[in-house]
Amino acid sequence: MNLRELKSRAQLLKPLVKLGKAGASPEFLAELRSALDRHGLVKIRFEGFKEERKTLSKEIAATTGASLIQQVGHTAVFHLPPKTPAES
């Protein structure tokens, strides 16, 4: 799936995970990773972190192994392609 298709699909998504006061805690990252494994394309919402959103998005992508598709305002969209049977 190309970037354009992923962005188009992301428009219809509601944020599944919210990044709150605790920041990118291990619990948050585990919840995001679980959502990525289930859905493949996940939108998160930042509650605060106005100055750090861009750097946090990149850090979250690097930590989870997902691709940052887009980051607009208080939301960011991540994509993790489904695992092939050989990777499981």
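**Close-up views of the predicted model**

A search of the whole structure finds 2 salt bridges, a salt bridge being a side-chain nitrogen of Lys or Arg within 4 Å of a carboxyl oxygen of Asp or Glu. This is a predicted model, in which local features need pLDDT of at least 70 and side-chain atom pairs count only at pLDDT 80 or more, while totals for chains, interfaces and linings use all residues. Residues are numbered from 1 along each chain as its sequence is written, and side-chain values use heavy atoms, with hydrogens and water left out.

**View 1. Confidence of the model.** The pLDDT is the predictor's confidence in each residue, from 0 to 100. Its mean for the protein is 88, and 94% of the residues reach 70 or more. Confidence is lowest in β1, at a mean of 90, and highest in β4, at 95. Here helices (H or I, at least four residues) and strands (E, at least two) are DSSP runs, numbered from the N terminus.

**View 2. The salt bridge between Asp37 and Arg33.** The closest N and O atoms of Asp37 and Arg33 are 3.5 Å apart. Both residues lie in helix α2, 4 residues apart, which is about one turn of the helix. Asp37 is partly exposed, at 47% relative accessibility. Arg33 is also partly exposed, with a relative accessible area of 29%. On this scale, buried means under 20% relative accessible area, exposed over 50%, and partly exposed in between (1.4 Å probe, protein chains only).

**View 3. The salt bridge between Glu47 and Arg45.** In this pair the closest N and O atoms are 3.3 Å apart. Glu47 is partly exposed at 37% relative accessibility, and Arg45 is partly exposed at 30%.

View 4. Two strands pair if DSSP finds at least two bridges between them. β1 and β2 run parallel and are joined by 3 bridges; Leu19 has Phe46 in β2 as its bridge partner. Together with α2, these two strands make a right-handed β-α-β unit. A crossover is right-handed if, with the strands pointing away from the viewer, the path from the first strand over the helix to the second runs clockwise. β2 also pairs with β4, in the antiparallel sense, over 5 bridges. Ile44 stands opposite Ala76 in β4, and Lys43 has Val77 of β4 as its bridge partner. Because 5 of the 6 residues of β2 are buried, β2 is largely enclosed by the rest of the structure.

**View 5. Strand β4 and the hairpin with β3.** Strand β3 (residues 67–72) runs antiparallel to β4, and 5 bridges join them. Gln71 stands opposite Ala76 in β4. The two strands form a hairpin with 2 residues between them, and Gly73 in the turn has a positive phi of about 55°. In a regular strand the side chains alternate between the two faces of the sheet. Both faces of β4 are covered: Thr75, Val77 and His79 are buried on one side, and Ala76 and Phe78 on the other.

**View 6. His79 in strand β4.** His79 is found in β4 (residues 75–79) and is buried, with a relative accessible area of 14%. Contact means heavy atoms within 4.5 Å. Leaving aside neighbours within four places in sequence, His79 is in contact with Leu6, Leu36, Gly40, Leu41, Ala66, Ser67 and Ile69.

**View 7. The nonpolar cores.** A nonpolar core is a set of buried Ala, Val, Leu, Ile, Met, Phe, Trp, Tyr and Cys residues joined through side-chain atoms within 4.5 Å. In the largest nonpolar core, which has 17 residues, Phe28, Leu32, Ile44, Ile60 and Phe78 touch the most other members. At least two residues of this core come from each of β1, α2, β2 (41–46), α3 (53–64) and β4. The largest share, 5 residues, comes from α2. Apart from this core lies another, of 5 residues, among them Leu6, Ala10, Ile69 and Val77. In soluble globular proteins, nonpolar side chains tend to be buried together.

**View 8. Gly23 and Phe28.** Gly23 lies in the loop between β1 (17–19) and α2 (26–39). At 9% relative accessibility, Gly23 is buried. Not counting residues up to four places away in sequence, Gly23 touches Phe28 and Phe49. The C-alpha atoms of Gly23 and Gly48 are separated by 9.4 Å, and the two residues are 25 residues apart along the chain. With residues up to four places away again not counted, Phe28 touches Val17, Lys18, Leu19, Gly23, Ile44 and Ile60.
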